Structures are given as structure tokens and as C-alpha cells.
Amino acid sequence: MAESKVQTIGVLTSGGDAPGMNAAIRAVVRRGLANGLKVKGIYKGYVGLLNEEIVDLTARDVSDTIQRGGTILYTARCPEFRTEEGQQRGAEICRKHGIEGLVVIGGDGSFAGAQKLANLGVNTIGVPGTIDLDIGCTEYTIGFDTAVNTAMEAIDKVRDTSTSHERCSIIEVMGRGAGYLALWCGIANGAEDVLIPEKYDYDEQKLINNIIESRKRGKKHHIIINAEGIGHSEAMARRIEAATGIETRATILGHMQRGGSPTCKDRMYASIMGAKAVDLLIEGKTCRVVGYRHGDFVDFDINEALAMKKTIDEYEWEVNRALSRNYTKHPTMKTPLE
Ligand code: ADP
Ligand code: F6P
């Protein structure tokens, strides 16, 4: 590799944590050290930057971390960094600590912060880390694979008890503004209905009619996946029970979806993305985001990346609806209790 354009780089994690972030940190540290760079870890995202919670990292500091959930650098949300004063102070602190290049692992908000630092002369590269999969420029974000598998396994368990009691279950998965976790679980768990912010029409009567219809067709349970962005799962459960006469329970999976040991995919992709971020800094690149598209690890200008809107794939949505609603019982088929 040609001579590096930067000698000292920093790495931080920001926004909601995601399983696999440690694999990305480890890759940044070891790729950087292998290229003769100094690597500094910044604790607690932009909060730690402004508080100068900055330490030198060695290869040993990241050993025994790839299999761990969460982020060893901790993470935070930092309202002060949204201000010009905060951003300028952040850039000055980077200069004070000799940090010429910075890898920011997080979501769109964290990238907006990285963009501001880039404008102030600190070379920055974003690495997509969020369980929500809601970053426009990339088909993969660190943590989604682990989170969706965690949610899927939990939903399978709820389904067992829901079937035993012949109940309806509203299961709320994370995703305030994005329905990817819900949609994937909807298909993978064979849910009867999936409610996501991108598609929700507030027609609860339709949902209720579906439950009544499928109960008439012999269904013994009803699994409704509700994205956090729609929420109100407890109240929804009470209304559905009142309208259908079917016992209904709400389960909110919550933050357990953000924890746990990362899957192989999250460890592997996060490692490649972390290494690629360092390679870009070595080449003298700045204001870029690493992404995964059409089978390749690529990079985009942060401004362009932030302008890209992610939408729910219409075909996946249509297939989800077809697979969940088209169930018709064969006349000769009996359910175990019949
Ligand atoms: P995510 O990175 O997962 O989207 P947030 O939206 O909470 O998470 O953003 C994380 C942090 O990034 C914020 O707390 C803030 O410090 C910083 N940030 C977000 N938006 C901006 C912005 N427009 N300008 C500067 N910094 C921002
Ligand atoms: O990181 C993404 C996410 O888990 C969203 O799905 C969720 O809406 C949000 O973070 C919750 O954030 P907090 O950690 O503040 O509860």
C-alpha cells in the first residue's frame, strides 16, 4: 500500500449500539496498526470526544472482543454536537490529540456529525452500524442480522405459547422509523399480519376482520408483528380482544434485540467495513461512508449517502402479504385439536 496520508486515526461508536460494532472497532485498530498508524479510541461517541475521553489502543486492547455484543467504546447521543460550537470544539480536540482521520460507526445521525467534522478539516469515514437497516446507501448495516435473528427466535417462542392457548399475540419489535426488522420477522416467523411505519394505514378494523376470518378458517393462533414506530401494542391487544373475543397478549421485545453475541455475518461484514474505512483514510479520502451493495463493499460521499432514501422493497412487502393472508385450509386437513 502507498504511503499513508494520515499518521494517527481515531474511532468512535455513536447512536444506538449494535452487535458487531466491536468487530468493526477491532478491524479499525488492527488494520491501522498493521499500516504503522497510531489508533485512538474515543469513548461514548461525540460526548466522549467533547470530554476528551480518548485513549491509545493496542492490538491487545481489542482481543477477545469480536464475539461480544454492545460496544467496548460505549456509545451516547450528544445534543451539543448538533451545534456549530460543539462541532468546532470537536474538530479542535481532534487536532489537539493529533487525530487526522476519524472512523465513525453509527447511523445517519452520526454520519451527519462526521460530515460536519469533515467540513472542519478532520478526515472522516462513516461505517453503518444500526439494527434498523435504515441507511439509504447500503443493503447491510452492522447489527441487523443479529437483531433480526434474536427477534425471530423470541417470536418463535411466543408463538409456542400463543398456539397452546389459542391466543392472538401482538409482538412489538424495534424500529421507530423503519420496518425492516418487522418485515423480515413477518416473513421469517410466518406472521398473520405485519404493521410497519412505512405502510401502516391505521385500518385496525381490517386487522380485526383478518383475525376473525382466519380463526373461522381454523387458525389456532394469530401472530401480529408490530413495529415500534407504530407502538401502542398493549392498547391494541386490548382492543383486538374486545372486538374478536379472542384472548390477546402484547409482548414488547425491546432492547434485548440490540444485545447478544453477533452472528457470523455481522462479525465478518463489520470486520471488512472497519478495515475498508482505514484503507480509505490511508488513501487520503474524507467525508465517505462505507456501504454494501450488489455483493460488493463500496463507499459513497457522505452528503450523497445522507440524501439517499431507503424504502421498503415492494416485492418483499407483497410476498409477505401473500404468504400471510392466502392461507386456506384444505377441506380434508385437520388441526391437532379437531
Ligand atoms: P444514529 O447515528 O444511530 O442515527 P442519532 O440520530 O441519535 O443516531 O445520532 C447520534 C448522534 O450524532 C447525535 O446524538 C448527535 O451527537 C450526532 N448528530 C446527529 N445529527 C447530527 C447533525 N445534524 N449534526 C451534527 N451531529 C449530529
Ligand atoms: O438503534 C436503533 C434503535 O434500537 C431503534 O430501533 C429504536 O427506536 C431506538 O434505537 C431506541 O433507542 P434508545 O436506546 O434510546 O431506547
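Which of the 16 residues around ligand 1 come nearest? They are Arg77, Cys78, Gly107, Gly109 and Ser110. Here a residue is near a molecule or strand if one of its heavy atoms lies within 4 Å of it.

This is a predicted model, in which local features need pLDDT of at least 70 and side-chain atom pairs count only at pLDDT 80 or more, while totals for chains, interfaces and linings use all residues. Residues are numbered from 1 along each chain as its sequence is written, chains are lettered from A and ligands numbered from 1 in the order in which they are written, and side-chain values use heavy atoms, with hydrogens and water left out.

## The two ligands

| Ligand | Residue and part | Distance |
|---|---|---|
| ligand 1 | Arg77, side chain | 3.0 Å |
| ligand 1 | Cys78, backbone | 2.6 Å |
| ligand 1 | Asp108, backbone | 3.4 Å |

Taken alone, ligand 1 exposes 550 Å², and the protein buries 81% of that. Accessible areas come from the Shrake-Rupley method with a 1.4 Å probe; for residues, only the protein chains shown count as cover.

The side chain of Asp132 has an N or O atom 2.7 Å from an oxygen atom of ligand 2. For the side chain of Glu228 the corresponding distance is 2.8 Å, and for that of His255 it is 2.8 Å. On its own, ligand 2 has 400 Å² of accessible area, of which the protein covers 82%.

Gly109, one of the residues that come nearest to ligand 1, is found in helix 4 (residues 108-119). Helices (H or I, at least four residues) and strands (E, at least two) are DSSP runs, numbered from the N terminus. Gly109 counts as exposed because its relative accessibility is 55%. Buried means under 20% relative accessible area, exposed over 50%, and partly exposed in between (1.4 Å probe, protein chains only). From Gly109 to Ile224 the C-alpha distance is 30 Å, with the two residues 115 apart in sequence.

Seven strands make an open sheet in the order 3-2-1-4-5-10-11, with mixed pairing. Two strands pair if DSSP finds at least two bridges between them. Strand 3 (54-56) and strand 11 (296-301) stand at the edges with a single partner strand each, so one side of each has no neighbour in the sheet. From one strand to the next the twist averages 25 degrees. Axes are lines fitted to C-alpha atoms, for helices over the stretch in contact, and angles run from 0 to 180 degrees between N-to-C directions.

Strand 1 (residues 8-13) is largely enclosed by the rest of the structure, because six of its six residues are buried. Thr8, Gly10 and Leu12 point one way from strand 1, whereas Ile9, Val11 and Thr13 point the other way. Strand 1 runs parallel to strand 2 (residues 38-42), joined by four bridges. Thr8 has Lys38 as its bridge partner in strand 2.

Strand 5 (residues 123-128) is mostly covered, with six of its six residues buried. Asn123, Ile125 and Val127 point one way from strand 5, and Thr124, Gly126 and Pro128 the other. Six bridges pair strand 5 with strand 4 (residues 101-106) in the parallel sense. In this pair, Leu102 stands opposite Thr124.

Strand 10 (residues 288-293) pairs with strand 11 in the antiparallel sense, over six bridges. Arg288 stands opposite Asp301 in strand 11.

Another open sheet has four strands in the order 7-8-6-9, with parallel pairing. Its edges are strand 7 (193-195) and strand 9 (248-252), each with a single partner strand, so one side of each is left without a neighbour in the sheet. The twist here averages 20 degrees from one strand to the next. Three bridges pair strand 7 with strand 8 (residues 222-227) in the parallel sense. Leu195 has Asn226 as its bridge partner in strand 8.

Helix 5 (residues 144-164) lies across strand 6 (168-173), strand 8 and strand 9, and runs at about 165 degrees to strand 6. Contact means heavy atoms within 4.5 Å.

Technical notes
A polar contact is a pair of N or O atoms within 3.5 Å; within protein, one must be able to donate a hydrogen and the other to accept it, and residues adjacent in sequence count only if both atoms are side-chain atoms.
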